[in-house]
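Please read each point alongside the structure.

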Amino acid sequence: MTRSSNESFSGAEERIITAKHETNSSLGFITFQVRRHGRFLVARVISCEELTPKDNSGVSGPYVKVSIKELHHQALKTKVIKKKLNPEFNEEFKFQIDNELDMVTLVIEVWDKNMMSKDKLGKKEVPIDVSTLTEAGLDYSLELDPFK
């Protein structure tokens with residue numbers, strides 16, 4: 001598993017999956033891309049929008065944890081973006097996937113880091129069909145769910 005922030009997806013045709021809903025109790029939204037590169041699943045965390053403020057100042061210091069549930073590994077993390085409710089990350093994570101795995105669950109958790117604690121902001125678990133995922137990949141923009 002590796003992480004980088006400056007690689008870009010090829011100029012291939014985009015498929016965008018969105019699930020933005022107007023709700024009063026929204027935890028915010030996460031935008032990310034997923035593609036396949038050989039035996040690797042590549043996840044790029046692009047940004048979050050409309051995150052819930054957790055600090056007394058009305059902002060958050062969000063970061064994102066990314067993992068593959070079936071791999072049972074420690075989550076990889078983005079950098080912390082201080083004092084933002086609409087942070088831009090543009091960080092890429094690579095996970096080596098066994099050939100036997102056709103389906104995996106991408107787990108994305110958004111956290112707030114401040115001096116005293118780490119607060120949960122929201123999460124998303126997304127099933128990914130690795131067997132049909134291509135180099136062109138998929139773009140997602142999804143509403144965050146509460147932690148359970």
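Predicted model: local features only at pLDDT ≥ 70, side-chain atom pairs only at ≥ 80, totals over all residues.

1. Lys-82 counts as exposed because its relative accessibility is 68%, and the cut-off for exposed is over 50%.

2. The structure contains eight salt bridges. One of them pairs the side chains of Glu-125 and Lys-69, with an N to O distance of 2.8 Å. Glu-125 belongs to strand S9 (residues 118–129) and Lys-69 to the loop between strand S5 (62–68) and S6, so this pair ties together parts 56 residues apart in sequence. Glu-125 is partly exposed at 33% relative accessible area, and Lys-69 is partly exposed at 40%.

3. A salt bridge also links Lys-123 with Glu-109, whose closest N and O atoms are 4.0 Å apart. Lys-123 lies in strand S9 and Glu-109 in strand S8 (residues 103–113), so the pair ties together parts that are 14 residues apart in sequence. Lys-123 is buried at 17% relative accessibility, and Glu-109 is buried at 16%.

4. Asp-145 and Lys-124 form a salt bridge, with 3.1 Å between the closest N and O atoms. This pair connects distant parts of the chain, 21 residues apart: the segment after strand S10 (138–143) holds Asp-145, and strand S9 holds Lys-124. Asp-145 is partly exposed, at 32%, whereas Lys-124 is buried, at 16%.

5. Arg-35 lies in strand S3 (residues 29–37) and is buried, with 6% relative accessibility. A polar contact of 2.7 Å connects the side chains of Arg-35 and Glu-135.

Terms used
Residues numbered from 1 in each chain as written. Heavy atoms only, no water. Helix = DSSP H or I, 4+ residues; strand = E, 2+ residues; numbered from the N terminus. Buried < 20%, exposed > 50% of the residue type's maximum accessible area, 1.4 Å probe, protein only. Polar contact = N/O pair within 3.5 Å; in protein donor to acceptor, adjacent residues only side chain to side chain.
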